[in-house]
Amino acid sequence: MTPHPNGDGPHPAVDTHELWKIFGEGSTAVHAVQNVSIAIEPGEFVALCGPSGSGKTTLVNLIGGLTDPTRGTVRVDGRDVGAMSERARAQLRLERIGFVFQAYNLLPVLSALENAEFPLMLRGAGREERRREVSKLFEHIGLGGLEDRRPGALSGGQQQRVAVARAVLGAPALVLADEPTANLDTQASDNLLEVMEVLNRERGVTFIFCTHDPRVMRRARRIIRLVDGHVERDAEKEPGTLPDWVLEPVDT
Amino acid sequence: MMERWVVVARIAVRNVRRQLRRSVLTSSAMVLGIALLMFVRALEGGAHLMYVDTATRMGTGHIAMEHPDYIGSQDVEDRIAGADLDRAVQAVRASAGPDELVAVFPRVNVGGLAQSASSSIPVRIGGVDPTLERDVSFFADKVVEGRYLEPDDRLEAIIGAGVAERLRLELGSRLVLMAAGSGGELESQLVLVTGIFRTGVPEVDRGVVQLPLATAREWLELGDDATSVSVILSADRRTEAIASAIRQRLDQAGVAPEGLAVRPWWEAMPDLHAGLRADAVQTYIMLLILLAIVALAVVNSILMAVLNRTREFGVLRALGLNRRSVGGMVMAEGLILTLASGLAGMLLGLAISVGLFRDGVDISFLFGGDVAFAGAVVDPVIPPAILASDVIAIISIVVAMGILATLYPAWQATRIEPAEAMKTDE
């Protein structure tokens, strides 16, 4: 087990134990995540796949401390997220976790550049350092020259790239990305994924993707397939390959 | 940490600008409310200054000095000795600057009877020094027939219009005044009506007679004594400080407090003071109710803005902003809106008060003439006056409104759960 360069010790980056998330009660209860126990080591590049409604986003939200588990535990860097205070959880997200949401979720009053550097600003990074990092990344992912545009003046794909930039800038220990390549063309997807691979390879950033995109799954080195909230299959694989079982329809 | 609040404040400012139409609509009610409060208080402040001015010029002065026993007895036996009178005047001149002191004059005030050939009525008799009082006397301004007293007058007197009516007197009529003199004996004095005044205050017009101080002293056998010394100042601002200084000087001279009570006008005329305060409180209560209604509209508007941006607050939380910072952002937005509105309202109120109505607001249509209040009277054309105390009170109201109107929406924003807010559960 390799300690993450930003980590506190030899803990898994993410460790869930008999994790459940049930929405609602009684006959209307929805079991979004059921008895999920997984360990993701620092520096892994993992794709969570499965049909819509299989619990991928809920699992990512549980890992990020955005929602509380009904039962079981989630540990990030060895720390029990469910037992943390709201304040400590916010601090954990700020310092250790980058999020890419399904619907971009950029702040409409901030420019592309300000959106991207927002977590860095909250962490207290200096202006020069922020601007340098943002400019470098923006050039690389095709956002050069769009720094001052507000989200409303960007295309869906451009917004998604800003959202990804926001998640990965400052190289957090863990990036949770929910459909990061949705709305992107092949070239833009490849550029983004390359950036993520470089961060993963060179700085040991752990990536967990929720995805339906075979391009993402092909690059992943481990795939966890969820069906109805259960882990149906969890396997490591060679990058560049795509096992058949990944895209198999759900057996009803 | 500081950086975080800078980011929060920046987003708050931009959100206010982003919802410009909503911000303007929300703030316009508050701007008008605060402007109205400012203007009404300026008008009331102006009227109050005039009430104080006329009340003091009726003889009490901004500072009144009497023998402590005279305050209760109103008896000439409890008067100020001539020597103390000189010391009092010296103390006044030493305590008030030349720009501050308008006049200082002794008076003999006594209750008595006024009798004509037809009738007799109780009156308040004032022995006044025309040389010292002419320029400041409210009665001198209100003479409607004949003239005010002259320095050489001896048996001349001015009477209220009500006194003239009740005793059927006219200019040149003879009038006998009766009052207890220094020995306690009833003394009488014949005077001639040389002027008739109409102040607009019924109790004054129906019950005041003034004659020369020298005549009053001789008639009542008071020598150089007087019942009071009045001090007229150019402004009310330093009344308290000057009264204290006079008190201190007289204390050192061994005159006060046993021999002389030095009282600012609000102690000498408690009814007027209480009336003015009640008037101000009433206005504030009325306008605070109005502003509370405005505040509810502000609460509603900010709350709607929060509910419309639930997703955005969820994202902020997910990115690592804690509940306190999210609440702080909403508070900042609300405070920016309310403080800017408050400032705009105050400026508008100021512009209306000292710009549009610089020459005064004529309220005679409400009263049909002069306006009397708690024994004082004012010209119905009231020049608005912005008092520092009102500005401080209004700023406090604006800040309190801003905080109160924002607390509930901010609390709501802190309760937003990020995952729920983003509705991204699969």
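Predicted model: local features only at pLDDT ≥ 70, side-chain atom pairs only at ≥ 80, totals over all residues.
**Entry 1: charges of chain B.** Chain B carries 38 positive and 49 negative charges.

**Entry 2: outline of chain B.** How does the radius of gyration of chain B compare with that of a compact globule of 426 residues? I found 31 Å for chain B, whereas the globule would be near 22 Å. I then checked the box that the C-alpha atoms fill, and along the principal axes it is roughly 105 × 50 × 30 Å.

Entry 3: I counted the secondary structure next, and chain B has 17 helices and 14 strands. Of its 426 residues, 53% are buried. For contacts with a separation of 6 or more, I noted that 79% link residues 24 or more positions apart.

**Entry 4: strands of chain A.** I moved to chain A and followed strand 1, residues 14–23. Which strands pair with strand 1 of chain A? One is strand 2 (residues 30–40), antiparallel over 7 bridges; there, A:I22 has A:H31 as its bridge partner. These two strands form a hairpin with 6 residues between them, and A:G24 takes a positive phi near 75 degrees. Another is strand 4 (residues 71–76), also antiparallel, joined to strand 1 by 5 bridges. On that side I picked out A:H17, whose bridge partner in strand 4 is A:T73.

Methods: Residues numbered from 1 in each chain as written. Chains lettered and ligands numbered in written order. Heavy atoms only, no water. Helix = DSSP H or I, 4+ residues; strand = E, 2+ residues; numbered from the N terminus. Rg over C-alpha atoms; globule rule 2.2 N^0.38 Å. Buried < 20%, exposed > 50% of the residue type's maximum accessible area, 1.4 Å probe, protein only. Contact = heavy atoms within 4.5 Å. Lys, Arg positive; Asp, Glu negative; His and termini not counted. Charge placed at Lys NZ, Arg CZ, Asp CG, Glu CD. Pairing = 2+ DSSP bridges.
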